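Welcome! Here is a short briefing to read alongside the sequence and the 3D view.

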Amino acid sequence: MSKGIEIIDVGGVNCYLLEADDGFVLIDTGFSAKRMFLDEVLKKALNKPGEVPKKLKLVILTHGDSDHAGNCKFLRENYDVKIAMHFEDSKMVENGDMSWNRKLKPDKIAFTFRLVTLAFGKNSIFDTFKPDIYIQDGQNLAEFGLSAKVIHLPGHSKGSIGVLTSEGDLFCGDLIYNFAGFSYIDNLEDFNESINKLKKLDINILYPGHGKPFSINYFNKKFV
Ligand SMILES: [Zn+2]
């Protein structure tokens with residue numbers, strides 16, 4: 001794992017705190033039910049003893065699902081931070097409707113995924129919000145102090161994106177799970193195109209929304 005990446009597990013959802021030029025960028029925010037934990041970790045990271053306090057410069061959402069977007073409103077209000085995401089998932093978070101811009105029935109969904117969402121699915125309150133910034137494919141994140149760019153990776157949802165750093169770290173959201181055989185593919189055609197897109201990029205390590213980071217070798221074996 002590259003330095004300057006802190007993984008914050010917010011209720012089974014990976015949030016990634018990246019060191020940027022004079023501050024931090026947070027990728028995804030986790031479940032609202034685990035808000036206090038996220039708040040605590042962030043405060044610690046931004047206010048290291050003996051150092052000048054640092055700012056959270058930007059929150060980037062890999063997609064609009066409530067387990068990733070659950071703390072955006074809270075962070076905006078308490079950290080004075082802007083929320084960036086792809087337009088094609090925007091009404092999910094504005095309306096609190098995770099089915100917006102998705103198929104009536106997803107093309108592929110793992111049995112284990114169904115089991116877990118049946119057990120936990122509806123117990124998280126979601127604070128709706130309007131995103132501040134819409135990001136799109138190829139967008140350079142240098143203006144936020146991050147040597148990285150946005151990759152549009154639809155499949156799990158229409159507005160799913162990844163963030164690829166110049167060091168080859170890819171934050172891929174829920175395009176690929178690394179947890180309990182999970183998969184949730186809304187649109188299989190989009191998904192396959194996104195996988196093919198990734199094969200052409202310079203990636204070392206993939207950081208999924210759920211489960212442990214894995215190498216590009218594992219990715220290549222999984223998607224031959
Ligand atoms: Zn998720």
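Which residues have the most contacts inside the largest nonpolar core? They are Ile8, Leu26, Leu42, Leu56 and Leu75, in a core of 25 residues. This is a predicted model, in which local features need pLDDT of at least 70, side-chain atom pairs count only at pLDDT 80 or more, and totals for chains, interfaces and linings use all residues. Residues are numbered from 1 along each chain as its sequence is written, and side-chain values use heavy atoms, with hydrogens and water left out.

**Nonpolar cores**

- A nonpolar core is a set of buried Ala, Val, Leu, Ile, Met, Phe, Trp, Tyr and Cys residues joined through side-chain atoms within 4.5 Å; buried means under 20% relative accessible area, exposed over 50%, and partly exposed in between (1.4 Å probe, protein chains only).
- The core of 25 residues draws at least two residues from each of strand E2 (14-20), E3, H1, strand E4 (56-60), H3 and E5. Helices (H or I, at least four residues) and strands (E, at least two) are DSSP runs, numbered from the N terminus.
- H1 gives this core its largest share, five residues.
- Ile8, leaving aside neighbours within four places in sequence, is in contact with Val13, Asn14, Cys15, Leu17, Leu26, Phe37, Leu38, Val41 and Leu42; contact means heavy atoms within 4.5 Å.
- Another core, of 20 residues, lies apart from the largest one and includes Ile5, Ala148, Val163 and Phe171.

**The zinc site**

- Asp67 (OD), His68 (NE2), Asp174 (OD) and His210 (NE2) are the protein donors of the zinc ion, at 2.1 to 2.4 Å from it. Donors are N, O and S atoms within 2.8 Å of the metal (3.2 Å for Na, K and Ca), and sites may look incomplete because water is not among the atoms.
- The arrangement is irregular because the four donor atoms subtend angles of 89 to 160 degrees; four donors count as tetrahedral only if all angles lie between 85 and 135 degrees.

- Ala148 stands opposite Thr165.
- E9 also pairs with strand E10 (residues 169-173) in the antiparallel sense, over two bridges, and Leu164 has Leu170 as its bridge partner.
- Three residues separate E9 and E10 in a hairpin, where Gly168 in the turn has a positive phi of about 90 degrees.

**Two aspartates with positive phi**

- Asp28, in the loop between strand E3 (23-27) and helix H1 (35-46), has a phi near 65 degrees and counts as buried at 2% relative accessibility.
- Asp80, in the loop between helix H3 (72-79) and strand E5 (82-85), has a phi near 50 degrees and counts as exposed at 61% relative accessibility.

Technical notes:
Four donors count as tetrahedral if all angles lie between 85 and 135 degrees; four count as square planar and six as octahedral if opposite donors are over 155 degrees apart and all others between 65 and 115; anything else is irregular. Two strands pair if DSSP finds at least two bridges between them.
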